[in-house]
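This report covers the domains, their interface, selected loop residues and the salt bridges. The structure comes before the details.

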Amino acid sequence: MNDVILLSHGNGGLSTKKLIEDIILKHLGERGEKELYDAAVINMEGRYAFSTDSFVISPIFFNGGDIGKLAVDGTCNDLGVMGARPLYLSLSFIIEEGFKLSDFERVVKSIKEAADENNVSIVTGDTKVVEKGKGDGIFINTAGIGIITDRRDWRDRKIKEGDLVLVSGTMGDHGTSIMLQRLGIDTTEEVRSDVAPSGLLGVELLDRFSGIKFMRDPTRGGLATVLNEVAEMYSVGIEIDEERVPVKGWVKEATEVLGIEPYYIANEGKIVVIADKQEAEDILSYMHSHPLGKDAAIIGEVTKGKRVYLRTKIGTKRILDFLKKDLLPRIC
Ligand code: MG
C-alpha cells in the first residue's frame with residue numbers, strides 16, 4: 001500500500017511533508033523555492049501577464065506527452081502568445097487516493113523538464129488528496145506570471161482588410177491523437193499530440209516583428225474558434241483556404257472517419273498569427289527556421305464582412321462557424 005497515494009498524503013502533516021520532499025522538491029527543487037513559506041514573495045516592476053488553467057486530461061499519459069507537460073506548456077503558451085516571457089508558475093495537484101506514486105513521480109519529472117524548457121520557476125504549490133472514486137487519478141492547476149515589453153504587446157494594433165492569417169504548423173494533432181487513444185485504436189508512432197512550448201516561438205516572433213496584430217494558441221475549439229473570436233472581436237471577415245491549412249495525413253484520415261473537421265480540433269503546440277501583409281512572408285520564413293514552426297503556412301486573409309469562410313478545394317465557399325456540437329470532453 002506504500003506505493004500509492006493515501007488520503008494522509010493530503011492531510012498537511014508528516015505524510016504530506018514527505019511527499020513534497022521525496023518527490024516534488026527532489027525533482028522541482030532547482031526550479032522552485034528552497035524555503036517553504038505560506039506564499040511566494042516576488043519583486044516586480046513593469047507590465048505582466050497572468051493566466052491560469054486546470055488540466056483534467058484523460059488518459060494522463062498519452063502519445064507525445066502527459067498531463068504534467070501539458071500543465072506547464074499550456075499555461076506558459078497562454079502567456080507567450082500575449083507577448084509575455086514566463087517567469088513564475090504555481091502548481092496545484094488534486095490526486096485521487098490510490099494513484100500510483102511511481103506515476104506521480106513520472107508526472108513531476110515531466111513538469112521539471114517542461115519548466116526547464118520554458119525557463120519558468122515554480123514558486124508556489126499545493127497538494128490535495130480526494131477519496132478513491134471521487135477523482136480520476138490526477139488533476140493539475142497551474143497559474144503563471146510572465147513579463148511583457150511594449151514591443152511585444154500587440155493588443156492596440158489595428159487588424160484591417162488585407163492582413164494575413166498564419167498558423168505555425170499542422171492543425172488538429174492533439175485532439176485527434178487523444179480521441180484515437182481514448183477509442184483504443186492501435187496508434188502508430190506518428191499519431192501523437194503536438195504539445196510543445198509554442199509560446200516561446202510566439203515571444204520570439206513578437207520581439208522581431210512589429211506587424212503582428214494578433215496571436216492566440218488554438219487549443220479547445222481549434223482554429224475555427226480562434227478565427228471566429230477574431231471576427232467577432234474586431235468586426236472583420238476572414239477567409240481561409242482549405243488547401244493551405246496544414247493537416248497531417250493521419251489527422252485527415254481519422255477526422256474523415258470520425259465525421260469532424262480538423263479546424264475544430266484542439267492543438268497544444270501551435271499558434272495562430274494575424275499580421276500585416278508586408279511582414280507576413282518574413283514571419284513565415286522565421287517560423288520555418290524554428291523547430292516549432294517547420295510546417296507553418298499562410299492560410300488566408302482578413303476581409304470585409306463579419307464571418308469566417310472556408311474556400312474549399314473544389315472552389316466553393318462556406319461559413320466556418322463557432323463549434324456547435326460537443327467534441328470529446330477532457331482533452332486538456
Ligand atoms: Mg490560449
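## Ground rules

A residue is buried under 20% relative accessible area, exposed over 50%, and partly exposed in between (1.4 Å probe, protein chains only). The model is predicted, so local features need pLDDT of at least 70 and side-chain atom pairs count only at pLDDT 80 or more, while totals for chains, interfaces and linings use all residues. Residues are numbered from 1 along each chain as its sequence is written, and side-chain values use heavy atoms, with hydrogens and water left out.

## Two domains

The domain assignment gives domain 1 (7-151) and domain 2 (164-319). Such bounds come from an automatic or database domain assignment. The domain centres, taken over C-alpha atoms, are 27 Å apart.

Contact means heavy atoms within 4.5 Å. On that basis, 23 residues of domain 1 meet 27 residues of domain 2. Buried area is the accessible area (1.4 Å probe) that two parts lose on being put together, summed over both. For this pair of domains it is about 2100 Å², with 54% on carbon and sulfur atoms. On the domain 1 side, N63, V81 and R151 lose the most area, together 31% of what that side buries.

## Across the interface

A salt bridge is a side-chain nitrogen of Lys or Arg within 4 Å of a carboxyl oxygen of Asp or Glu. One salt bridge is counted between domain 1 and domain 2. Polar contacts follow another rule: a pair of N or O atoms within 3.5 Å. Within protein, one atom must be able to donate a hydrogen and the other to accept it, and residues adjacent in sequence count only if both atoms are side-chain atoms. By this rule, 11 residue pairs are in polar contact across the interface, both residues at pLDDT 80 or more.

Which elements give two or more residues to the side of domain 1 that touches domain 2? They are β2 (61-62), α2 (67-81), β4 (84-96) and α3 (101-118). Helices (H or I, at least four residues) and strands (E, at least two) are DSSP runs, numbered from the N terminus. Helix α2 provides the largest share, seven residues. This side of domain 1 divides into eight nonpolar, nine polar and six charged residues. Here Ala, Val, Leu, Ile, Met, Phe, Trp, Tyr, Cys and Pro count as nonpolar, Asp, Glu, Lys and Arg as charged, and the others, Gly among them, as polar.

## Loop residues

T187 sits in the loop between α4 (173-182) and α5 (198-208). Its relative accessible area is 23%, so T187 is partly exposed. Leaving aside neighbours within four places in sequence, T187 is in contact with N63, L180 and Q181. H290 belongs to the loop between α8 (277-289) and β11 (297-303). H290 is buried because its relative accessibility is 12%. Not counting residues up to four places away in sequence, H290 touches L201 and E204.

S58 and P59 are joined by a cis peptide bond, with omega about 0°. P59 lies in the loop between β1 (47-55) and β2. N119 is a residue other than glycine with positive phi, near 50°. It lies between α3 and β5 (121-130). With a relative accessible area of 54%, N119 is exposed. S235, in the loop between α6 (222-234) and β9 (237-241), also has phi near 50°. At 44% relative accessibility, S235 is partly exposed.

## Salt bridges

Side chains of opposite charge can pair when their charged atoms come close. The salt-bridge count comes to 31. R155 and D153 pair at 2.8 Å, N to O. R155 is partly exposed at 45%, whereas D153 is buried at 12%.

K213 and D276 form a salt bridge at 3.9 Å, N to O. This pair links distant parts of the chain: K213 is in strand β8 (residues 212-216), D276 is in the loop between β10 (272-275) and α8, and 63 residues separate them. K213 is buried at 8%, and D276 is buried at 18%.

R311 and E301 meet at 2.9 Å, N to O. R311 is partly exposed at 22%; E301 is buried at 18%. Through shared partners, salt bridges join E239, D241, R244, E301, R311 and K317 into one network.
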